[in-house]
Amino acid sequence: MARAGAARENPMPDPSFSPRPRRILVTGANGNLGRKLVAHLAAAPWCSGVVALDRDARALDHPKVRPAAVDLTRRSPALDDAFAGVDAAVHLAARRPYPDAGWDDAAASFDMTLQAVEALARGAAAAPRFVFASSNHVMGGYKDEDVAPGALTTALPPLPGTRVDAAEPRRAYAAAKLMGERLLAARAEAGGFTAVSLRIGWCQPGDNRPGTMTASGIPGEPGPDTPEAARTLAWFRGMWLSNRDLLAAVSAAVTADASRWPAPAIVVNAMSANAGMAWDLAAARNLIGYAPQDDSTTEPGR
C-alpha cells in the first residue's frame, strides 16, 4: 500500500477538475477556526450549504448555514441527522485544542474524531470527503532536532509533542491527532470515503498576525524570557498559517480530485509560505492544489 501523504511522480491535479456544489459539515463550528471557515464556506459559490456543528446551536446567521447542537463524543440521533446527506465533513472539534491538553482531553478528542468518521460513513452522500484538522504537533519533537529548511515532509516518521521548555515532558495533545490520522488511513482504505489530514500550523484567533505569537504556544500567555523560548518562538513563527491560507488549505482539501492521490487518505502540511521554515509544502501543493499566499517573515505587523 502506498504511504499516505507520499508524493508520486507528477501528481498535479487534473486542470479540468472543478468542484460541484457541495454541502459541507463543519465540526467545532463555534471555535476559532470554525467561525472563520463557516463564514468562508457560506460565501463560496461552490458550497450549497453548511451544517455548523458544535455543542450549542450558535452559528453564523446566513441562509446557507444550518446550526446543529451535538455532543460529538458519542453516537446519537442528532449526530446522525447532522451528517445525513453531506458531501464532506471538516473536523475541527477538539477538547482543549491547545498544546497543554491533558490525556483526558486527548482521549475525548479522539472519541470525537471516531464518532465523526463513523457518522460520515453512515450518512453521507456518495463519495464523501473527510478533512481532518490534524496538527503540526504530530511532528513537534523535531523542534529540538537540527532540521534544515523544507526538510519536514509527511514521509518522515511522526515525533509527537512540542516542548516549549526543553526540560518538560512531551504533551498529550498530539496523540489524538496522530491516532486520528491513522484511523482515517485505515477507514478510508476500507472504502466509503476519501480523506485529507491537514497538519495545520498556528492560526491564532482574530487577525492572526505573526507579531502576536508567543513562545508559550497558547494565546495570551507570553512564555518565559529565555534563549530556549526565543528558539521556540522562531519555530512557531515558521509554522504560522494566515487566515487566508487556512481557508485556501481547507477549501483545497474539500474539493481536490482524489483520483490522482497515492492512497484514499493522505496527510499534508498546512502552513503559510514562511521563508526558511522547516515544513515542506510539496505534497500539499501537488496533491490538493494548495497555493499559500502569505509569509510570516514579510507580513506587516509581524
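Is the crossing of H1 and H6 left-handed or right-handed? I looked it up: the crossing of H1 and H6 is right-handed. (A crossing is left-handed if the near helix is turned anticlockwise from the far one by less than a right angle, and right-handed if clockwise.)

**Ground rules.** I am working with a predicted model, where local features need pLDDT of at least 70, side-chain atom pairs count only at pLDDT 80 or more, and totals for chains, interfaces and linings use all residues. Residues are numbered from 1 along each chain as its sequence is written, and side-chain values use heavy atoms, with hydrogens and water left out. Helices (H or I, at least four residues) and strands (E, at least two) are DSSP runs, numbered from the N terminus.

**H1 and H6.** I took helix H1 (residues 32-43) and helix H6 (residues 243-255) next; they pack at about 65°, with axes 10 Å apart. (Axes are lines fitted to C-alpha atoms, for helices over the stretch in contact, and angles run from 0 to 180 degrees between N-to-C directions.) H1 and H6 are therefore roughly perpendicular (angles of 65 to 115 degrees; under 35 is roughly parallel, over 145 roughly antiparallel, the rest oblique). From H1, the contact (heavy atoms within 4.5 Å) uses Leu 33, Lys 36, Leu 37 and His 40. I sorted the contact residues of H1 with H6 into five nonpolar, three polar and one charged. (Ala, Val, Leu, Ile, Met, Phe, Trp, Tyr, Cys and Pro count as nonpolar, Asp, Glu, Lys and Arg as charged, and the others, Gly among them, as polar.)

**H3 and H4.** Helix H3 (residues 103-123) packs on helix H4 (residues 173-189) at about 20°, axes 9 Å apart. H3 and H4 are therefore roughly parallel. Their contact includes Trp 103 and Phe 110 of H3 and Met 179 and Arg 187 of H4. I noted 11 nonpolar, three polar and two charged residues there.

**The sheet.** I traced an open sheet of seven strands, in the order S3-S2-S1-S4-S5-S6-S7, with parallel pairing. (Two strands pair if DSSP finds at least two bridges between them.) Strands S3 (65-69) and S7 (265-270) are at the edges with a single partner each, so one side of each lacks a neighbour in the sheet. The twist averages 20° from one strand to the next. Six bridges join S1 (residues 22-27) to S2 (residues 47-54). Arg 22 has Cys 47 of S2 as its bridge partner.

**Salt bridges.** How many salt bridges does a search of the whole structure find? I found nine. (A salt bridge is a side-chain nitrogen of Lys or Arg within 4 Å of a carboxyl oxygen of Asp or Glu.) Arg 122 and Asp 80 form one, at 2.7 Å, N to O. Arg 122 lies in H3 and Asp 80 in helix H2 (residues 77-83), so the pair ties together parts 42 residues apart in sequence.
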